[in-house]
Amino acid sequence: MRKLILILSSCVLIGGCYYDVADELYPGNGGTANCDTTVTGYAAKISPVMSANCAIPGCHVAGGNPPDLTNYTNVSANSALIMTRAVVQKDMPPAGPMSACDILAVQRWIENGSLNN
C-alpha cells in the first residue's frame with residue numbers, strides 16, 4: 001500500500017512539472033512568435049500604434065490628457081513614461097493592454113534609442 005501511494009504521488013508530482021511556452025501553445029493568439037520584430041522608425045511602426053491606442057479623442061491628444069502623443073517629438077520625449085505605463089505595467093491604455101506585437105514594437109523602438117524616420 002505504501003508503494004502504491006509513493007508511486008501515485010510521484011506520478012502526480014512529475015506530471016505537474018512542465019514549462020509552457022505561450023507562443024508554441026497558442027500561436028498568433030497573444031504571443032509574439034508571429035510579430036515582425038524588425039525595429040524601424042517612428043513613422044513606420046510606432047505612429048500607427050500611438051494613433052490606434054494612445055492618441056485618440058479624449059486621451060493623449062492636444063487639449064486632452066497630458067502628454068500629447070500625436071507626434072514623434074512628444075512620443076520620444078515621453079518614451080520613459082510610455083515604457084513604464086504601456087510596456088511594463090500594462091495599465092495604459094485604460095481599455096486594456098496593447099497587443100503583444102504592439103508592446104514588443106514599442107519596447108524595441110524605445111530600447112533602440114527612439115529611432116526616427
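This is a predicted model: local features need pLDDT of at least 70, side-chain atom pairs count only at pLDDT 80 or more; totals for chains, interfaces and linings use all residues.
Visitor: Which residues of H6 are buried, and what covers them?

Guide: The buried ones are Ile-103, Leu-104, Ala-105, Val-106, Trp-109 and Ile-110. Their cover includes H3, helix H4 (72-77) and helix H5 (79-88). Just after H6, you will find Gly-113 with a positive phi of about 85°.

Visitor: Why is Lys-45 called buried?

Guide: Buried means under 20% relative accessible area. Lys-45 has 19% relative accessibility, so it counts as buried.

Visitor: Where does Lys-45 lie, and what is it in contact with?

Guide: Lys-45 lies in helix H3, residues 42-53. Leaving aside neighbours within four places in sequence, Lys-45 is in contact with Asp-36, Thr-38, Thr-40 and Ala-105.

Visitor: What makes a set of residues a nonpolar core?

Guide: Its members are buried residues of the nonpolar kinds, joined through side-chain atoms within 4.5 Å. The largest such core here has 17 residues, and Ile-46, Met-50, Val-75, Ile-82 and Val-106 touch the most other members. H3, H5 and H6 each supply at least two residues of this core, and H6 gives the most, with five. In soluble globular proteins, nonpolar side chains tend to be buried together.

Visitor: What is Ile-82 in contact with?

Guide: Setting aside neighbours within four places in sequence, Ile-82 is in contact with Met-50, Leu-69, Val-75, Val-87, Val-106 and Ile-110.

Visitor: What is the volume of the largest pocket, and which residues are closest to its centre?

Guide: The volume is about 210 Å³. Of the 16 lining residues, His-60, Leu-69, Leu-81, Arg-85 and Met-92 are the closest to the centre. H3 and H5 are the elements that give two or more residues to the lining, and the largest share, four residues, comes from H5.

Visitor: How many lining residues are nonpolar, polar and charged?

Guide: The lining of the largest pocket has twelve nonpolar, three polar and one charged residues. Arg counts as charged, and Arg-85 is among the lining residues closest to the centre, so Arg-85 is that one charged residue.

How values were computed. Residues are numbered from 1 along each chain as its sequence is written. Side-chain values use heavy atoms; hydrogens and water are left out. Buried means under 20% relative accessible area, exposed over 50%, partly exposed in between (1.4 Å probe, protein chains only). Contact means heavy atoms within 4.5 Å. On a 1 Å grid over the protein atoms alone, a cavity is a set of points where a 1.4 Å probe fits but cannot get out, and a pocket is an open set with protein on both sides within 12 Å along at least five of seven lines; lining residues have an atom within 4 Å of a point. Grid points are joined across faces, edges and corners, and a volume is the space filled by probe spheres set on the points.
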